[in-house]
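Trainee: I'd like to learn how to read a model like this one, feature by feature. Can we go through it together?

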Amino acid sequence: MTAKRLLEIESKFLFNPSLVAVLQSNKGNPAFRRLEALHTHTFTDTYYDHGNTLSKNGIWLRQRTSDASMMLEAKVRISGDFARSTFDEITDWKEIAAVIRQHLPGFCTRKKDFGLDQLAEFTTTRQEFLADDNFAVVLDYTDFGHAVGEVELMAEDEEEAHREIDDFMARYPWFFMKGKAEGKLEAYFRVRATTISN
């Protein structure tokens, strides 16, 4: 029996930067049952598309570059929206090419960018934590002034994983603020549109 591919289940959230020190020391009320600071690192994401064909179909092709590595990845949305999503993350070049050819026949002519147009590029500094043994909590700060958090789980059952994430975030309302969290790409396009209009 073939094992199911693990999906990335994520929920974005707003956070108050002044509470990050409280998070790091795990002195919130209530405190996390267990909290481990993993690491802080910086990377640059370059997104590719053609006429927004991929993004309209919930596919985000990006190259992520850091001091240590460079990785090409396709994030294929299984369900959800910018704030609450389930993705299949594909890193195998042949699998990525197959996904692109479904929507853009005739592309995939170059290995780096598949012959597509650059859609966006920005740099992110990310703080990563492991909370309550299961939940990845990431805090992202972009070079264009946007900050957003994500709680992530790798799981096969997306409905159960979303319930677990919702319950987890509800236990710590002092840090996971209510309200619509704006994703990095969403914020990038908003900022760029504002800059162009001015």
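**Helix α4 and what lies under it**

Mentor: Let's start with a packing story: the buried residues of α4 sit against β1, β5 (84-90), β6 (117-131), β7 (135-142) and β8 (147-155). Keep in mind that this is a predicted model.

Trainee: Which residues of α4 are buried?

Mentor: They are Ala161, His162, Ile165, Phe168 and Met169. Their directions cover an arc of only 125° around the axis, so they share the same side of α4. On the face turned away from that buried side you'll find the exposed residues Glu159 and Ala170.

Trainee: What does aspartate 157 do at the start of α4?

Mentor: Look at its side chain. One of its oxygens comes to within 3.2 Å of the backbone nitrogen of glutamate 159, and a polar atom of the aspartate 157 side chain is 3.1 Å from the backbone nitrogen of glutamate 160. Aspartate 157 itself belongs to the loop between β8 and α4, and with a relative accessible area of 40% it counts as partly exposed.

Trainee: How far is aspartate 157 from isoleucine 9, in sequence and in space?

Mentor: They are 148 residues apart in sequence, while their C-alpha atoms are 9.1 Å apart in space.

Trainee: Let's move to the strands. What should I expect of side chains in a regular strand?

Mentor: The general idea is that they alternate between the two faces of the sheet. For the case here, take β8: seven of its nine residues are buried, so the strand is largely enclosed by the rest of the structure.

Trainee: How many bridges join β8 to β1, and how many to β7?

Mentor: Seven bridges join β1 to β8, and the two run antiparallel. Six join β7 to β8, a pair that is antiparallel as well. To get your bearings, find isoleucine 9 opposite leucine 153 of β8, then valine 138, whose bridge partner in β8 is glutamate 150.

Trainee: What about lysine 12, is it buried or exposed?

Mentor: Buried, because its relative accessible area is 14% and the cut-off for that label is under 20%. Lysine 12 lies in strand β1 (residues 7-13), and its side chain makes a polar contact of 2.9 Å with the side chain of glutamate 10.

**The cores**

Trainee: Which residues touch the most other members of the largest nonpolar core?

Mentor: That core has 23 residues, and the ones to look for are Phe13, Val137, Leu139, Val151, Phe168 and Phe176. The elements giving two or more residues to this core are β1, α1, β6, β7, β8 and α4. Its largest share, four residues, comes from α4.

Trainee: Which residues is valine 151 in contact with?

Mentor: Setting aside neighbours within four places in sequence, its contacts include Ile9, Phe13, Val137, Ile165, Phe168, Met169 and Phe176. There's also a second, separate core of 15 residues, with Tyr48, Val99, Leu104 and Leu116 among them.

Trainee: Last topic: the backbone. What do most phi values and peptide bonds look like?

Mentor: Most residues other than glycine have a negative phi, and most peptide bonds are trans. Now for the exceptions. The peptide bond from asparagine 29 to proline 30 is cis, its omega near 0°, and proline 30 is placed in the loop between α1 (20-25) and β2 (35-49).

Trainee: Where does asparagine 26 lie, and what is its phi?

Mentor: Asparagine 26 is in the loop between α1 and β2, with a positive phi near 55°. Its relative accessible area is 23%, so it is partly exposed.

Trainee: And what is the phi of asparagine 52?

Mentor: Near 60°, again a positive value in a residue other than glycine. Asparagine 52 lies in the loop between β2 and α2 (53-56) and, at 37% relative accessibility, is partly exposed.

Trainee: Which residue takes a positive phi in the hairpin of β7 and β8?

Mentor: Glycine 145, with phi near 95°; that hairpin has four residues between its strands.

Technical notes: Residues numbered from 1 in each chain as written. Predicted model: local features only at pLDDT ≥ 70, side-chain atom pairs only at ≥ 80, totals over all residues. Heavy atoms only, no water. Buried < 20%, exposed > 50% of the residue type's maximum accessible area, 1.4 Å probe, protein only. Polar contact = N/O pair within 3.5 Å; in protein donor to acceptor, adjacent residues only side chain to side chain. Arc of directions from axis to C-beta. Contact = heavy atoms within 4.5 Å. Pairing = 2+ DSSP bridges. Core = buried A, V, L, I, M, F, W, Y, C linked by side-chain atoms within 4.5 Å.
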